[in-house]
Amino acid sequence: MGGYNLANLANNVVAVSFVFLQLSAFILAQNSTTNSTEWLTLDGSPPLVIAHGGYSGMFPDSGATAYSLAMLTGVPDLVLWCDVQLTKDGAGICFPNIMLNNASTVEGDYPNMANSYIVNGVKKDGYFSIDFTLKQLQSVLLTQGIYTRPPHFDGRDLIATVEDVFMNNQPAGFCQHNLSMRSYVISVADSVLISHISSPEIAFLQQLASPFATTETKLIFRFLDQDTIELSTNQTYGSLLKNLTFIQSFASGILVPKSYIWPVDETSYLLPHTSLVADAHKNGLEVFASDFANDNVFPYNYSFSPVAEYLSFIDNKEFSVDGVLTDFPMTSSEARDCFAYLDSNASVHQAKPLVISHFGASGDYPGCTDISYTTAISDGADVIDCPVQMSKDGVPFCLSSANLLNSTLVTQTEFRNLLTTATEIQPNQGIFSFSLSWADIQSLTPVISSPYAGSLLFRNPKFRNAGKLISLADFLDLAKNASSLSRVLIKIENAKYLAVNQSMSVTDAVLSALENAGYNAPGAKKVMIQSTSSAVLKVMGGKEYELVYEVDETIRDAPNATIVEIKKFANSVVVNKKSIYPLVMGYLSSLTDVVPHIQSFELPVYVQILKNEFVSVPYDFFSDPIAEINNFVKEAKVDGVITDFPKTAVEYKKNRCLTMDPSPLYMSGVRPAELIGLVGALPPAEPPSPLLNQDDISESPLPAVVKDASSPPTSTPEPPKPSASGQHQITASTLVSLLSIFIAVFLML
């Protein structure tokens, strides 16, 4: 199995310092990059990737582990960033803030050493590095300072000195303690290679101009928020931005928050970019952008893709920043070397994975709408999908669920009183498609799905109600005229219920639509029929369709006899992500044999459902959806991915690093269980997922359609089936159902 070895991250700090100096010397001589494009940076060289405190998006900022991982997974010319703080005895340490209590164990180690100081004109209470000697701090452990990030690696690393790690930043507030940051930086430059010195204080940089005039060290002026006052000039940073000629008199570059370049409006959409980069380059100033993090809230324009955000700063055909300061250097490395300057018409570098949309481009638009499907096509999906539902008058159409509450604003219409129960479909009440005519359904307003609204991650709210629902016939016509598509996928569920309770044959409706649209003719696009029901797939056999069996539970494997049985009615299999990569506490615990075992019977395997939101991505993939796709393809070797964001998967197939041998480390797969192996105490092991047995896939044949059924779907339900855990699924009360509707309406407002 490939991938980089995370087990080596426990190396001591001295080793980190040694390796960094080696890399720096090599890059100064070679300036190597995998992309030979002439960049739009100031000097035409590739933009730098600057690891903010190492890989601080995963491990505690400025620790040995964070710096080691950054170098392991970053570009060859990676730059390490160290926020320098001075101790009471004048030593320099790397720590993200002048106050130590937010990201270390100092408060517990020295409970009586809190103090108060005026920092940049504001009184601050806490634990300050200037109150401790280096010896005192050498026993203090680092912790994760951003509380939304995993705390599982707290206490692994000690506070490190600049000599141990290195880079630079000038915090304010040391002069009153007779501590000279200027003297320290000048002295430390004799023992470590400093490529850049950054400070938000003009006077400090002016003092360094002469000592570093004959060196290759660059002085970078760091801009803070535009309304903040720069102390040595008593001007706001916003006003200083208008005088770049003055900045050029003492600095060779500027470091700005990314919003200085790509501002964002109050609704979290991008505004037109400013002229800052062009203006700075005209004045001979390099521009570095900060505040990049995969686990932050993105402007909606990026569809939760951190690679897309980086590319807007380094590959927008108008300018490129000269470097990015990031908590996740692996992602910025792959953006620069694998994705930047790809031709818009670049071909994919490999056939796999087959990119299958999930309700169209449902990460950007309401699922199963015309705009969702046309976007998936323009994004380059290989396959678009239609989950077929039936209207009251027998029209098959595309919608994610038979329950209209899930994907439309039906509760805001006259049809809100059509609540009914269909326990064979779901335990709670709903408003089902077969209660409304197709004309009524066409009048409904679709709504985008935001599966992580609980984490305040909402999808494209400006277009949350965009598009129109379309019939299966219109879907097939749309796909037939899209030359880029290789296949269509039709998903069929609830066939038994519809036959017995609604006098409808959804399988006949699908077969008729395919015939009428010409999909049975020679040379027509390939058709995939997906279902969790073996009975449905058996009915759909006999044509040149690819029959796809969906395993609707998490499994750890399937006996040979089960796979042999599946092969009798299916040509391929869909499994969920956890059936391939089981998780413990959000970390990969193993890689199962599900994919190779099923593939050994000549059945392709597709994985579902991939999403871009960072909370959907296991920690091992560093909040990077590209890294997740890469692992499923390179390590798990799936044949296809089913995704809400087909554009991301298509761009993955185009990236130039797929053609490199060996693959760069930032595009190598990870090894399951290595990252969680660095975690201390683990919770008790959960019971393993079940095997997929023959009883799980066997079904009686679909019943014949019951003509003129008059009984409503509220008839006596069948006894609830036990879930995989052995617990019975209980039908919710009407009160709970009404509460669910209330919540659904609230989320749609």
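## A tour from helix pair to core

Start by selecting helices H21 and H22. From H21, the residues Pro625, Ile626, Ile629, Asn630, Val633 and Lys634 meet Thr648, Ala649 and Tyr652 of H22. Contact here means heavy atoms within 4.5 Å. Helices (H or I, at least four residues) and strands (E, at least two) are DSSP runs, numbered from the N terminus.

This is a predicted model, in which local features need pLDDT of at least 70 and side-chain atom pairs count only at pLDDT 80 or more, while totals for chains, interfaces and linings use all residues. Residues are numbered from 1 along each chain as its sequence is written, and side-chain values use heavy atoms, with hydrogens and water left out.

Stay on the helix pair. H21 covers residues 625-634, and its axis lies 10 Å from that of H22, at an angle of about 65°. Axes are lines fitted to C-alpha atoms, for helices over the stretch in contact, and angles run from 0 to 180 degrees between N-to-C directions. The crossing of H21 and H22 is right-handed. That term applies if the near helix is turned clockwise from the far one by less than a right angle, and left-handed if anticlockwise.

**Stop 1: the disulfides**

Now select the cysteines. How many disulfides does a search of the whole structure find? The search finds three. A disulfide is a covalent bond between the sulfur atoms of two cysteines. Here the cut-off is a pair of cysteine sulfur atoms within 2.5 Å. Counting bonded cysteines along the chain, the pattern is 1-2, 3-6, 4-5.

Select Cys82 and Cys94. Their sulfur atoms are 2.0 Å apart. The torsion about this S-S bond is about -105°, so the disulfide is left-handed. Cys82 sits in the loop between strand S2 (79-81) and S3, and Cys94 in strand S4, so the bond ties together parts twelve residues apart in sequence. Cys82 is buried, at 0% relative accessible area. Cys94 is buried too, at 0%. Buried means under 20% relative accessible area, exposed over 50%, and partly exposed in between (1.4 Å probe, protein chains only).

Next, pick Cys338 and Cys657. The sulfur atoms of this disulfide are 1.9 Å apart. Its S-S torsion is about -85°, so this disulfide is left-handed. The pair links distant parts of the chain, 319 residues apart: Cys338 is in helix H11 (residues 329-339), and Cys657 is in the loop between helix H22 (646-654) and helix H23 (694-697). Both Cys338 and Cys657 are buried.

Then go to Cys386 and Cys398, joined S to S at 2.0 Å. This link is left-handed, with -105° about the S-S bond. Cys386 lies in strand S16 (residues 383-390) and Cys398 in strand S17 (residues 396-398), twelve residues apart. Both cysteines of this pair are buried.

Cys368 is buried, at 0%.

**Stop 2: two sets of strands**

Select S3, S4 and S7. They form an open sheet of three strands in the order S3-S4-S7, with antiparallel pairing. Two strands pair if DSSP finds at least two bridges between them. The edge strands, S3 (84-86) and S7 (160-161), each pair on one side only. S4 (residues 92-94) is joined to S7 by two bridges. Look for Ile93 opposite Thr161 in S7.

Move to S8 (residues 196-199). In a regular strand the side chains alternate between the two faces of the sheet. His196 and Ser198 on one side of S8, and Ile197 and Ser199 on the other, are all buried. S8 pairs with S9 (residues 218-222) in the parallel sense over four bridges. His196 faces Lys218 in S9.

**Stop 3: the core**

Finally, which residues touch the most other members of the largest nonpolar core? Among its 166 residues, they are Phe221, Ile254, Ile261, Phe475, Leu476, Val510 and Ile529. A second, separate core has 14 residues, including Ala91, Ile93, Leu100 and Phe132. A nonpolar core is a set of buried Ala, Val, Leu, Ile, Met, Phe, Trp, Tyr and Cys residues joined through side-chain atoms within 4.5 Å.

End on Ile529. Leaving aside neighbours within four places in sequence, Ile529 has contacts that include Ile490, Val510, Leu537 and Tyr545.
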